[in-house]
Protein chains: 2
Amino acid sequence: MLERTHLAIIQAVDNHGTLTAAAKQLCVTQSALSHTIRKLEDKLGTAVWLREGRNIRLTQAGLYLLNLANRLLPQLSHAESKLKQMAHGERGTLRIGMECHPCYQWLLRVVSPFLAGWPDVDVDVKQKFQFGGVGALLGYEIDLLVTPDPFYAAGLCFEPVFDYEQVLVVPRKSELAGRQYVKAESLRDHILLTYPVAPDRLDIYTQFLNPAGVVPKRHKTIETTDIMLQMVASGRGVAALPRWLAEEYCKKLPISAVQLGRAGIAKQIFLGARTSDNNIEYLRAFIALAKKQL
Amino acid sequence: MLERTHLAIIQAVDNHGTLTAAAKQLCVTQSALSHTIRKLEDKLGTAVWLREGRNIRLTQAGLYLLNLANRLLPQLSHAESKLKQMAHGERGTLRIGMECHPCYQWLLRVVSPFLAGWPDVDVDVKQKFQFGGVGALLGYEIDLLVTPDPFYAAGLCFEPVFDYEQVLVVPRKSELAGRQYVKAESLRDHILLTYPVAPDRLDIYTQFLNPAGVVPKRHKTIETTDIMLQMVASGRGVAALPRWLAEEYCKKLPISAVQLGRAGIAKQIFLGARTSDNNIEYLRAFIALAKKQL
DNA sequence: ACCTATTGATTACTATTACTCATGGATAGC
DNA sequence: GCTATCCATGAGTAATAGTAATCAATAGGT
């Protein structure tokens, strides 16, 4: 039988490169590991590691197991901590995934009253996902997903939590600042600042630049909103952000928000969850709170 | 630690309703289950079942664990059956390395029936190797190497899979087209088109031009066979290719194949594998298929 | 080309653990 | 109220996973 220990060993050996180091992490002797993996391979009938001199490397079967381990072990340990919380009378941890960089500020405004209303529920926010936000949701890596792209898969449900307009943020003294709206062509001689996300996931490209066949003068990626807008303020480029976020910063920095195109770009943010989690009270409460926040 | 057994027990008890029935399914005594679940509850610090008279029912925590079990156990057992198949060589990925550009067409004719015969084995073809094809084979980057240059290293074995003649492909209206064979000197005023490979790995150099001390007028490299022969057809140069491949294209393009030198250049293609992989059924099957294809 | 330190493998022994057996108390259904 | 069946428990045993000590192989420095 393939046991949890085996997966843990495979993961540890992969992390450390050697049996000895892995043994130290797992608080057993090297000998024990050697025995265990030997027995595992005997049971499976196939080699999991290739012994090459004094090093070992995973076989195809081993790689498959490593993949399995990386998938299952976090779920097991999360389950354990959740059960521990249950044992202590706490409600649990709400793990929120973010696929919408600028929504962070909005999220904070929802999390704050939530934490107040549910003192025994913790909140954790994650932003990087190997298989995308939906994958993380389906893989029980997160419990809630904040995203502009709902993906209606079986077992998931998405609810819109707010509408907003995507606008262009420009330096206040820029020639673009006063206009009623900017055309895509105007960006030809501007530097575009965005979060480090693939262009096909950026609305400024998919809904504005690409349809017009326009490429900005340059494209720079920046992690944080604050720095990004500092850059805009100092005339180093322009950025596309939600209007509510832009207007907040307009108070603090010499920048202006301008409508994108004649029609503007309308966006919606969704909150996704597993339908099987529908009975979790605090999760429903969070969604309700998010809708009210609007 | 939450173990696989625990999840299995939770699932079995839920299925059968009683400990006794679950014990029977799991091939242990009722007593053993009783002990195990008791210890689990002690470790977790929370009850998993509610004892109601002589029946037991899952608690909130138990329901959570049941959910986890239903999710994880199938993955584990699926992994086991997949590994069993891997052990029997029924399933896996055959990673083929190519060191012989024109052989691609030949390979396709072998891969096609192979995929049909081994529905659970995937095929992946790689063409670039940091340390050469043999290095990739020894480094477990690939499992099979298609090459014109066998390299008899320890732990590797090469088998010839087909013979062919390397010929010069020229425009049909070229003065070289009608000849019985071309001399190396004739290439002095022709442009030579080859795949982008180091000259010391090109037979046209090592076996034909270099021995005669001849350098072609120019040397251009082209990635794809189709384009290369389009170039030949339009009089932009000549190329060296296997006769079987050249003759296929002669039907479609105004080009001709001419023997290289008085004796011609005989070549052989080998299939290399690690001897340690000799027990992998589908790998042996592929080699057998390749030989039959001849 | 040789040491040396470190790797994984192996053997023999030990401690732990998981299990069985036997039995007890509780309860649902006839 | 009787009986069959449920789960719990304690004591003893078998299986297993662990350790310590040692060996053989090898990567890497000198």
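In this predicted model, helix H1 (residues 4-16) of chain B passes H3(B) in a left-handed crossing (the near helix is turned anticlockwise from the far one by less than a right angle). The two pack at an angle of about 115 degrees, with axes 11 Å apart (lines fitted to C-alpha atoms over the stretch in contact, with angles from 0 to 180 degrees between N-to-C directions). H1(B) and H3(B) are therefore roughly perpendicular, a term covering 65 to 115 degrees. Thr5(B), His6(B) and Ile9(B) of H1(B) meet Leu33(B), Thr36(B), Ile37(B) and Leu40(B) of H3(B), where contact requires C-beta atoms, placed from the backbone, within 7 Å. Four of the contact residues are nonpolar, three polar and none charged.

Turning to chain A, helix H9 (residues 243-250) has Leu245(A), Ala246(A) and Tyr249(A) buried, that is, with 20 or more other C-beta atoms within 10 Å of their own. These buried residues fall within an arc of 100 degrees seen down the axis of H9(A), so they line one face of the helix. Their cover includes helices H5 (103-117) and H8 (225-233) and strands S6 (156-171), S10 (238-242) and S11 (255-260) of chain A.

Between the chains, the contact takes 24 residues from chain B and 22 residues from chain A. On the side of chain B, helix H4 (60-87) and strand S3 (92-98) each give two or more residues, and H4(B) gives the most, with 14 residues.

Residues are numbered from 1 along each chain, as its sequence is written, and chains are lettered from A in the order in which they are written. Local features need pLDDT of at least 70 and side-chain atom pairs 80 or more, whereas totals for chains, interfaces and linings use all residues.

Terms used. Buried ≥ 20, exposed ≤ 12 C-beta atoms within 10 Å, placed from the backbone. Helix = DSSP H or I, 4+ residues; strand = E, 2+ residues; numbered from the N terminus. Arc of directions from axis to C-beta. Contact = placed C-beta atoms within 7 Å. Parallel < 35°, antiparallel > 145°, perpendicular 65-115°, else oblique. Nonpolar A, V, L, I, M, F, W, Y, C, P; charged D, E, K, R; others polar.
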